[in-house]
Amino acid sequence: MAKYLLLKHYRGAPAAVNDVPMDQWTQEEISAHVQYMHDFAARLEETGEFVFAHALAPEGTFVRYDGEGRPPVTDGPFAETKDLIAGGMVIDVDSYERAVELAGELSAAPGAGGKPIHEWLELRPFLTEPPTITE
C-alpha cells in the first residue's frame with residue numbers, strides 16, 4: 001500500500017467549476033460540504049484506506065531557526081501556505097490509479113448551491129525512503 005496526500009487549496013490551483021469561495025456559502029452549504037467529507041472518510045475507514053484528514057485554520061506562521069541563542073524568526077516576504085492550503089486527507093491505497101479515483105470523488109464535494117465543486121486537488125505521494133542521487 002502507498003500513502004498519498006489529497007491536498008485542498010484555497011487558491012493557487014486551477015479554478016474549480018463551482019468556484020464560489022466558502023466564505024460566500026450559506027451555513028447549510030458548508031454543513032453539506034463537511035458532511036460529504038465525513039461520509040467520504042467513513043467509507044474509506046471501512047476499506048482501510050483512510051489515514052487522516054483535517055481542515056486547516058487560515059491563521060499560521062512561518063518559523064525559522066536563526067542561530068544558537070537567538071529567538072526563532074517568524075513570517076517573511078514569501079507566499080504563505082495559510083493563504084493557499086485549505087486542508088487535506090491522507091489515504092493508504094493499493095495503487096496510484098486508486099488514489100486518482102478517490103481524488104476525483106473527493107473533488108465532487110458539494111459547494112455553493114449544493115452543486116459539486118469539481119475542485120482540483122493536488123495528489124502527492126509520500127516518500128517511502130530518502131531519494132538517491134546518481135551521478
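In this predicted model, Glu49 has a relative accessibility of 9%, and because the cut-off for a buried residue is under 20% relative accessible area, Glu49 counts as buried. The side chain of Glu49 meets that of Arg98 in a salt bridge, with a distance of 2.8 Å from N to O. Since Glu49 lies in the loop between H1 and S2, whereas Arg98 belongs to helix H2, this pair ties together parts of the chain that are 49 residues apart in sequence.

Arg98 also forms a salt bridge with Glu101, and here the closest N and O atoms are 2.9 Å apart. Both of these residues are in helix H2, and because Arg98 and Glu101 are three residues apart, about one helical turn separates them. Glu101 has a relative accessible area of 45%, a value that places this residue in the partly exposed class. Taken together, Glu49, Arg98 and Glu101 are linked in a network of salt bridges.

The structure holds six salt bridges, and one of them joins the side chains of Glu119 and Lys8, with 2.2 Å from N to O. This pair links distant parts of the chain, for Glu119 is found in the loop between helix H2 (96–106) and strand S6 (122–125), while Lys8 is in strand S1, the two being 111 residues apart. Both Glu119 and Lys8 are buried.

The largest pocket contains about 1,000 Å³ of space. It is lined by 35 residues, and those closest to its centre are Lys8, Met22, His33, Ala86 and Glu119. Two of these names, Lys8 and Glu119, are those of the salt-bridge partners described above.

Several elements give two or more residues to the lining of the largest pocket, namely strand S1 (2–9), helix H1 (27–47), strand S2 (50–55) and strand S5 (85–93). Of the elements, H1 gives the most to this lining, with seven residues. When the lining residues of the largest pocket are sorted by class, 22 are nonpolar, eight are polar and five are charged.

Definitions and conventions: Residues are numbered from 1 along each chain as its sequence is written. This is a predicted model: local features need pLDDT of at least 70, side-chain atom pairs count only at pLDDT 80 or more; totals for chains, interfaces and linings use all residues. Side-chain values use heavy atoms; hydrogens and water are left out. On a 1 Å grid over the protein atoms alone, a cavity is a set of points where a 1.4 Å probe fits but cannot get out, and a pocket is an open set with protein on both sides within 12 Å along at least five of seven lines; lining residues have an atom within 4 Å of a point. Grid points are joined across faces, edges and corners, and a volume is the space filled by probe spheres set on the points. Helices (H or I, at least four residues) and strands (E, at least two) are DSSP runs, numbered from the N terminus. Ala, Val, Leu, Ile, Met, Phe, Trp, Tyr, Cys and Pro count as nonpolar, Asp, Glu, Lys and Arg as charged, and the others, Gly among them, as polar. A salt bridge is a side-chain nitrogen of Lys or Arg within 4 Å of a carboxyl oxygen of Asp or Glu. Buried means under 20% relative accessible area, exposed over 50%, partly exposed in between (1.4 Å probe, protein chains only).
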